[in-house]
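This report describes selected local features of one structure. The sequence and the model are shown below.

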Amino acid sequence: MIYELTEKDMERLLQKIGEEYDVFGSKEELGEVVFSKISSFSEVSEKKSSYSPKDFLIKRSENILEIPRVEKKAVFGVKSCDLRGFYLMDLQILNKDPFYTVRRQNTLFINFVCTEKCPGGFCTSFGGPVLDDYDIQVLHIGQSYFVEADPRYEGYLAGFRPALDQDVFVKHSEEFNRKYGKIELNGIEKRMKWSSKLWTEFANYCISCGACNYSCPTCYCIDVYDDETGRKKEWDSCILEGFTRTAAGNVRPDLSDRLRQRFYHKFKYYKLSKGEYLCTGCNRCVDDCPVDIDIKEVITHDYDKE
């Protein structure tokens, strides 16, 4: 069932959810869109946040010798591309990483479907911006907020007015795809070449900062180490030289090898092992790359001409 809410209704929905969850939302602060605690729907910004909401589920750094705390959080204003990243990560780490799992099971995401394509974004190539999997999904058109919920959360919509047009999300998806098109993947998992010159070209100007991994809503790799305060896990990056260093040496000492690994993991290994590409088309890795490496080049590159 799809419901049609007014802005006043959205405020009621937020307050209703707030009776059970700590409520967070994307909001504008000092010129950036960040995730922070909110008390009113009027605080929610529908602009793309400056960073993905990944650290609601995977902390940048935490002590893993402590028992994971159960904290019920609801997050308004998550973009569909970022939310899809969680469903992709679920395939690998849900019910395996206890910290991720307890947060995933106690965090309610309210994703907002884009009505305009963001600069560089290519979510249509990965099924966006209308999602099939969601907690509560919102489409804002004019004065109306069209809302649909997974059966687990549909109770929050009781009492609101059902939408006259029950196909509004389908129609929006068709119109969005028609308007913006998509980058065809064309079996990228089979087209990529191990010996492609692309990896060396990227390595010539990549500065190995790891920003692409940290900004990516689907990257979940961590490092584990001990210090004086306990056993820590923190975000790691397959681009960094130390990522694959072992006592026996580094299995990928060359940056070109590490870059190839990053793109092979996203477009080949994950597809073959999980049935999905590990990318949502959010373009965050491009936005945050200081030397403008564009993941879309990996998809559109003509490997047959090499």
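Helices (H or I, at least four residues) and strands (E, at least two) are DSSP runs, numbered from the N terminus. The model is predicted: local features need pLDDT of at least 70 and side-chain atom pairs pLDDT 80 or more, whereas totals for chains, interfaces and linings use all residues. Residues are numbered from 1 along each chain as its sequence is written, and side-chain values use heavy atoms, without hydrogens and water.

Helix α10 spans residues 295-300 and contains Glu297. Glu297 is partly exposed because its relative accessibility is 35%; buried means under 20% relative accessible area, exposed over 50%, and partly exposed in between (1.4 Å probe, protein chains only).

The largest nonpolar core has 27 residues, and those touching the most other members are Phe126, Met192, Trp199, Phe267, Ile295 and Val298. Such a core is a set of buried Ala, Val, Leu, Ile, Met, Phe, Trp, Tyr and Cys residues joined through side-chain atoms within 4.5 Å. Two or more residues each come from α6 (197-205), α8 (255-274), α9 (284-288) and α10. Helix α8 gives the largest share, five residues.

Asn186 lies in the loop between α4 (168-180) and α5 (188-191), and Asp292 in the loop between α9 and α10.

A cis peptide bond, with omega near 0 degrees, links Gly128 to Pro129. Pro129 belongs to the loop between β6 (107-112) and β7 (136-141).
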